[in-house]
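Open the model in your viewer and keep the selection tool ready. The stops below follow one another.

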Amino acid sequence: MQGSPAFQELRSKFRAFVFPMTIAFLVWYFLYVILAVYATDFMATKVFGNITWGLIIGLGQFVTTFLITFLYIRFANREIDPRAESIRLELEGGVA
């Protein structure tokens, strides 16, 4: 089954979403860490009240995590799950 065109397409679709999203998030995360270590003056700059850039970017990490999760669930429901179900039915001898 691993060599079948349906499985290869499933893997390709999965990787086309997951790898770029993972790279983008890691760049965003390490940018935050690097700024926290080397740009302490910037991160300590108050934007309004006692809210600093460090706090805003740190909270942005959480927002980004939830956004990526939402996007992946939507992507999986539309693209991955129907293909996986088709492969499962084929393996179990059902009609695909």
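Angles between axes under 35 degrees count as roughly parallel, over 145 as roughly antiparallel, 65 to 115 as roughly perpendicular and the rest as oblique. This is a predicted model, where local features need pLDDT of at least 70, side-chain atom pairs count only at pLDDT 80 or more, and totals for chains, interfaces and linings use all residues. Residues are numbered from 1 along each chain as its sequence is written, and side-chain values use heavy atoms, without hydrogens and water.

**Stop one: two helices.** Select H1 (residues 5–38) and H3 (residues 53–91). Helices are DSSP runs (H or I, at least four residues), numbered from the N terminus. The axes of H1 and H3 come within 10 Å and cross at roughly 175°. H1 and H3 are therefore roughly antiparallel to each other.

**Stop two: Gln 61.** Find Gln 61 in helix H3. Is Gln 61 buried or exposed? Gln 61 is buried, at 9% relative accessible area (buried is under 20%, exposed over 50%, partly exposed in between; 1.4 Å probe, protein chains only). Beyond its neighbours within four places in sequence, Gln 61 contacts Phe 25, Trp 28, Tyr 29 and Tyr 32 (contact: heavy atoms within 4.5 Å).

**Stop three: aromatic rings.** The structure holds six aromatic pairs. Rings of Phe, Tyr and Trp (its six-membered ring) pair if their centres lie within 6.5 Å; planes under 30 degrees apart are stacked, over 60 edge-to-face, the rest tilted. Select Phe 17 and Tyr 72: centres 5.8 Å apart, planes at 45°, so the pair is tilted. Phe 17 lies in helix H1 and Tyr 72 in helix H3, 55 residues apart.

Methods
Axes are lines fitted to C-alpha atoms, for helices over the stretch in contact, and angles run from 0 to 180 degrees between N-to-C directions.
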